[in-house]
Amino acid sequence: MLNSKTDKHLSVSKDLRNLLDSISTTKKISKNTFLFHEGLQANEIFIIKSGLLQVSKLTTDGKELILRICNHGDMVGELSLFSDDPKYLLNGKVLTSGEVEVIRKDELENALLSNSELTFEYMKWSSTQMRKFQSKMRDLLLNGKKGALYSTLIRLANSYGLKHDDGVLIDVALTNQELANFCAATRESINRMLVTLRQLNVISMDKSGKIFIKDMDYLKMEIGCENCPLDICNIN
């Protein structure tokens, strides 16, 4: 299970943070329940106060594609703002019990429309979230399952990596099935690709399942990495 090493807060101004706090209510969330489902009416957006939330999408062949693992300070459901008859685009499943701030979409829209500076800031921030989504889908569509795995390893390293002289340790233990879910792939195909990477001395793995990346440049070269900034190239 992923556990963030950092106390990460929503990267917005104090004024926008105060606005969000003023119109939000707190709700408890329980492990293995869904905060929202793809296709349902999107009347609320959420900010994670505690716990972990997995944001995913089902592919046309029924596989689960994990797009984000959200923790303290992350906002979810934000892509539905300022749209007519909005529907949630993704699924939000609770991995670890906690609390979220609940903000009604119509209240936030009304509050933002009365303050053009905060509206611009919110839309700029929301655009960053869309760029994250688009970059992950690009890696999957253009580079296939291999590209999805390699880009996932890079993003995990950016979010949970501990730098060493000879590489980067992804300081979370993941099963091959969990990695497969990040790539909309089967566990067997992930097994084969990880074995190949070990044989090429690109990665190593310890008994707990943590991955040590020895050759980050190889992963980046194989997917034509554009060296996106860290606020785009991460797993959160």
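**Reading a Structure: A Dialogue**

Student: With which residues is Leu113 in contact, leaving aside its neighbours within four places in sequence?

Tutor: Contact means heavy atoms within 4.5 Å. Leaving aside those neighbours, Leu113 is in contact with Phe82 and Thr119. Please note that this is a predicted model, in which local features need pLDDT of at least 70 and side-chain atom pairs count only at pLDDT 80 or more, while totals for chains, interfaces and linings use all residues. Residues are numbered from 1 along each chain as its sequence is written, and side-chain values use heavy atoms, with hydrogens and water left out.

Student: Where is the place of Leu113, and is Leu113 buried or exposed?

Tutor: Helices (H or I, at least four residues) and strands (E, at least two) are DSSP runs, numbered from the N terminus. Leu113 belongs to helix H2, residues 105-113. Buried means under 20% relative accessible area, exposed over 50%, and partly exposed in between, with a 1.4 Å probe and protein chains only. Leu113 has a relative accessible area of 62%, so it is exposed. The C-alpha atoms of Leu113 and Lys146 are separated by 44 Å, although these residues are 33 apart along the chain.

Student: How many aromatic pairs does the structure hold?

Tutor: Rings of Phe, Tyr and Trp (its six-membered ring) pair if their centres lie within 6.5 Å; planes under 30 degrees apart count as stacked, over 60 as edge-to-face and the rest as tilted. The structure holds three aromatic pairs. In one of them, the ring centres of Phe36 and Phe46 lie 6.0 Å apart with planes at 10 degrees, so the pair is stacked. This pair links distant parts of the chain, with Phe36 in strand S2 (residues 34-36) and Phe46 in strand S3 (residues 44-58), ten residues apart. Both Phe36 and Phe46 are buried.

Student: Why is the pair of Tyr150 and Tyr218 tilted?

Tutor: Their ring centres are 6.3 Å apart and their planes stand at 50 degrees, so the pair is tilted. It also links distant parts of the chain: Tyr150 is in helix H3 (residues 116-160) and Tyr218 in helix H6 (residues 216-222), 68 residues apart. Tyr150 is buried, with a relative accessible area of 3%. Elsewhere, ring pairs link Phe36, Phe46 and Tyr88 into a cluster.

Student: How many helices and strands has the protein chain?

Tutor: The protein chain has six helices and ten strands. To judge its packing, one uses the radius of gyration, taken over C-alpha atoms, and the globule rule, which is 2.2 Å times the number of residues to the power 0.38. The radius of gyration is 18 Å, close to the 18 Å that the rule gives for 236 residues, so the chain is as compact as a globular protein of that length. Along the principal axes, the C-alpha atoms fill a box of roughly 60 × 35 × 30 Å. Of the 236 residues, 47% are buried. Among contacts with a separation of 6 or more, 72% are between residues 24 or more positions apart.

Student: Where does Asn201 lie, and what is its phi?

Tutor: Asn201 lies in the loop between helix H5 (187-199) and strand S9 (203-205). Its phi is near 60 degrees, a positive value in a residue other than glycine. Asn201 is partly exposed, with a relative accessible area of 43%. Asn227, in the segment after H6, has a positive phi near 55 degrees. With a relative accessible area of 55%, Asn227 is exposed.
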